Structure formats: structure tokens, C-alpha cells
Amino acid sequence: MGRIVRRLRNRLAGAALSVLALTLTATGCGGSSEASPGTPAGSGTPAAGQSVANRVEPLAERPTPRLPATVRSAGGEKVTVERAERVVPLSGSLSEIVFTLGLGDRVVARDVTTTFEQASKLPVVTRGHDVSAESVLSLRPDLVIAETTTGPAEAVDQIRAAGVPVLFVDAAGGLDDVGPRIRAVADALGVPAAGKELTRRSEERIEAARKDVPHGEKPRVAFLYLRGSASVYLIGGADSGAGSLIEAAGAVDAGAASGLDKDFTPITSEALVKAAPDAILVMSKGLESVGGVDGLVKIPGVAQTPAGMDRRIVSVEDGVLLNYGPRTDQVLESVVAQLYGEDGAR
């Protein structure tokens with residue numbers, strides 16, 4: 001969840017808040033075990049009640065890249081990819097796309113948010129959520145694929161200065177971004193037909209998951225970002241990135257509906273009472289960091305909400321919840337199943 005860290009950093013001011021930013025990075029905002037650059041990490045275990053598979057499902061037919069390919073990066077500049085034998089995607093979502101396209105054998109590194117099983121033994125080239133240019137360049141990549149939020153800028157500039165093509169892809173903000181991001185990566189890798197096929201498959205599966213959403217009164221769901229080890233407790237607002245998923249699950253984003261127009265706001269009893277969530281959506285590592293549901297309801301204001309009183313908590317693994325990649329249908333299915341129960345009852 002480097003996007004969250006970077007957004008928070010952009011809004012932090014003052015010495016005390018600078019310390020908080022450093023703490024967030026040090027404690028691993030993505031929730032995974034932090035590994036030093038070049039060090040393999042374990043695949044991790046999904047939290048109880050979280051049904052998203054820890055593996056990606058590649059397309060049935062493995063595509064053959066046709067290169068060179070010239071594509072436009074997110075900033076509008078043209079990027080020419082001559083080779084794609086050694087690829088470094090710098091986010092979990094981008095790694096998921098490359099592997100699902102059937103080109104995972106070309107990926108030579110991962111960032112800390114890439115937690116699915118097929119990539120678990122790859123070396124990590126980030127320190128916290130910051131890219132290590134030295135670690136990336138040591139692997140002699142043909143192509144680096146980054147999010148528009150990837151940083152620091154100095155590291156990215158160093159990679160470019162070494163002559164490595166860097167493709168920037170717009171950061172995901174919702175369900176509508178799944179297809180465009182897949183196609184952007186596929187085009188750069190010289191497999192546009194596979195990109196169209198994966199987009200079709202992903203969108204069809206998301207639509208199928210939507211059909212299982214019960215109709216009736218919509219529950220209010222608040223997305224809470226928690227890192228108990230750093231004493232970070234935030235409620236998501238209109239720009240948190242969770243609203244699209246919550247709405248697809250047939251619910252109302254309680255934070256946005258209560259007037260929170262920022263991405264994240266520190267949790268207060270007043271904010272929670274105003275949001276009045278019927279359920280709370282969290283990342284599994286965040287939930288663990290506060291001591292599970294028992295610890296969550298001890299956060300001031302949580303126990304006074306309908307969600308806290310009913311202990312109605314929806315938990316999805318950190319490395320996939322807001323990826324908006326090829327496993328988004330599984331994320332949506334998990335949220336729906338936990339939110340309404342197996343029988344669909346509210």
C-alpha cells in the first residue's frame with residue numbers, strides 16, 4: 001500500500017508528523033514482513049475469513065511478445081521497449097498483471113506489496129515502500145514498470161539514467177481502472193491481444209461477482225486503515241480507493257457519505273459516530289496489528305457504532321484488497337460473503 005504511504009506523506013507537516021511518516025514506512029504500511037533489498041520473503045498466509053486465493057491464474061495460452069513496442073507512459077511521454085526478458089514491476093498489482101498475462105517467468109524482482117505465491121521467492125527491491133535503484137539495476141532489467149506514485153523520484157531518475165526503460169501506469173483508484181491498467185502493461189510487453197483477453201476475463205468475472213450482491217437496504221461500510229504498532233488509526237474518505245469496491249458490494253462508503261472528502265482522516269469518536277457504519281472493512285494485517293476484533297472494538301468510538309456493537313468486520317489480505325488487478329473479482333466475492341454472510345442475510 002505504498003500509495004497510501006505516499007498520500008499520507010504529501011499531507012504530513014511538522015516535526016511530529018514527520019516522525020509518524022517515518023514510523024509508517026518502518027513498520028511496513030503494506031502489512032507484509034519487510035525484507036531487505038535482494039532478500040526473498042515468505043508468501044504469507046491469508047487471514048481467517050479471507051477467501052482470495054494466494055495464487056494468480058495465468059491465461060490458458062501463454063503469449064509470445066512481439067517487440068519492439070512503443071507505448072505512452074502515464075505522463076504522456078513515449079517509451080520504447082526493445083526487450084522484455086527481465087522485467088521489474090514495482091507494485092503488487094503490476095506484478096499480478098504480468099504473471100496473469102502468462103509472463104511471470106520474465107519477472108526478476110518484486111516490491112514489498114507483491115505477496116502472491118508465484119512471486120514469493122523473488123528478491124525484494126524496495127526498502128519499506130521506497131525503490132532501491134541499486135537493487136533494481138543490479139538485476140540488469142530490460143524494463144521497469146512503475147505506478148505514478150512510485151518513488152522516490154531520485155531512484156526512478158537513476159534507473160532511467162542507466163538506460164533502462166521505465167513505463168509509468170496510472171495508480172489504481174477503482175474498478176474502472178482494472179482494464180486500462182492491464183492493457184497498458186500488456187501493450188508494453190508486446191502482447192496486446194493477451195491484454196484484451198485478460199481484460200475481458202477480468203471484467204466478466206467482476207460482473208459475475210456483482211450478480212451475487214443481495215438487493216435491499218444498503219449497509220454502510222467504513223474502511224479503516226490500521227497500524228497498531230505505529231499507533232496509526234485512520235478512516236477512509238471519498239478518495240481512499242475503497243469506495244468503488246464498497247459500492248460494488250452493494251454498500252455505502254460510510255466515510256465518504258459522512259462528509260469526509262479527503263483520502264484518510266485520523267479516527268475520532270465523533271467521526272465514527274457520524275459515519276455510523278454497519279460494518280467495518282480492514283486489511284488483515286491491520287486487524288492483526290490492533291489485536292484482532294477484540295482490539296479493534298477498543299479503539300475509541302468503534303464500540304459505539306452499529307458495526308462495533310455487532311462485531312461486523314470484513315477483512316481482506318493487504319496485498320490484494322485495493323490492487324484492482326486480475327483478482328478483483330475474488331476480492332469482491334470475499335467482501336460480499338463476509339458482509340452479508342453465506343445466506344445473504346443482512
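Here are some friendly notes on this predicted model, going from the whole chain down to single side chains.

1. **Overall make-up.** The protein chain has 14 helices and 13 strands. Of its 346 residues, 57% are buried. If you look at contacts between residues at least 6 apart in sequence, 69% of them join residues at least 24 apart.

2. **The nonpolar cores.** The largest nonpolar core has 64 residues. Leu-101, Ile-145, Val-185, Leu-189, Phe-223 and Leu-321 have the most contacts inside this core. Another core, of 19 residues, lies apart from the largest one, and Ile-235, Ala-254, Val-282 and Val-290 are among its members.

3. Leu-226 has Tyr-233 as its bridge partner in β9. The β8 and β9 hairpin has four residues between the strands, and Ser-231 takes a positive phi near 55° there. Strand β9 (residues 232-236) is mostly covered, with four of its five residues buried. β9 also pairs with strand β11 (residues 264-266), in the antiparallel sense and over three bridges. In that pairing, Gly-236 stands opposite Phe-264.

4. **Aromatic pairs.** The count of aromatic pairs comes to three. How are the rings of Phe-99 and Phe-116 arranged? Their centres are 5.2 Å apart and their planes stand at 80°, so this pair is edge-to-face. Phe-99 lies in helix α3 and Phe-116 in the loop between α3 and β4, so the pair ties together parts that are 17 residues apart in sequence. Both Phe-99 and Phe-116 are buried. Elsewhere, ring pairs link Phe-223, Tyr-225 and Phe-264 into a cluster. Phe-223 is also one of the residues with the most contacts inside the largest nonpolar core, while Phe-264 is the residue opposite Gly-236 in β11.

5. **Thr-114 in its loop.** Thr-114 sits in the loop between α3 (92-103) and β4 (126-127). Is Thr-114 buried or exposed? Its relative accessibility is 1%, and because buried means under 20%, Thr-114 counts as buried. Its side chain makes two polar contacts that deserve a look: one with the side chain of Ser-95 at 3.2 Å, and one with the side chain of Asp-111 at 2.9 Å. Beyond its neighbours within four places in sequence, Thr-114 is in contact with Ser-91, Gly-92, Ser-95 and Ala-119.

6. **Arg-127 in β4.** Strand β4 holds Arg-127. With a relative accessible area of 49%, Arg-127 is partly exposed. The side chains of Arg-127 and Ser-132 are joined by a polar contact of 3.2 Å. Arg-127 and Val-112 are 15 residues apart in sequence, and their C-alpha atoms are 8.1 Å apart in space.

7. **Helix α7.** A quick check on helix geometry: at 1.5 Å a residue, the 19 residues of α7 (residues 192-210) should span 27 Å, and the end C-alpha atoms are 27 Å apart, which agrees. The buried residues of α7 are Ala-194, Gly-195, Leu-198, Thr-199, Arg-201, Ser-202, Ile-206 and Ala-209. Which helices do these buried residues pack against? They pack against α3, α6 (178-188) and α14 (328-340).

Methods:
Residues numbered from 1 in each chain as written. Predicted model: local features only at pLDDT ≥ 70, side-chain atom pairs only at ≥ 80, totals over all residues. Heavy atoms only, no water. Core = buried A, V, L, I, M, F, W, Y, C linked by side-chain atoms within 4.5 Å. Buried < 20%, exposed > 50% of the residue type's maximum accessible area, 1.4 Å probe, protein only. Helix = DSSP H or I, 4+ residues; strand = E, 2+ residues; numbered from the N terminus. Polar contact = N/O pair within 3.5 Å; in protein donor to acceptor, adjacent residues only side chain to side chain. Contact = heavy atoms within 4.5 Å. Phe/Tyr/Trp six-rings, centres within 6.5 Å; stacked < 30°, edge-to-face > 60°. Expected span 1.5 Å × (residues − 1). Pairing = 2+ DSSP bridges.
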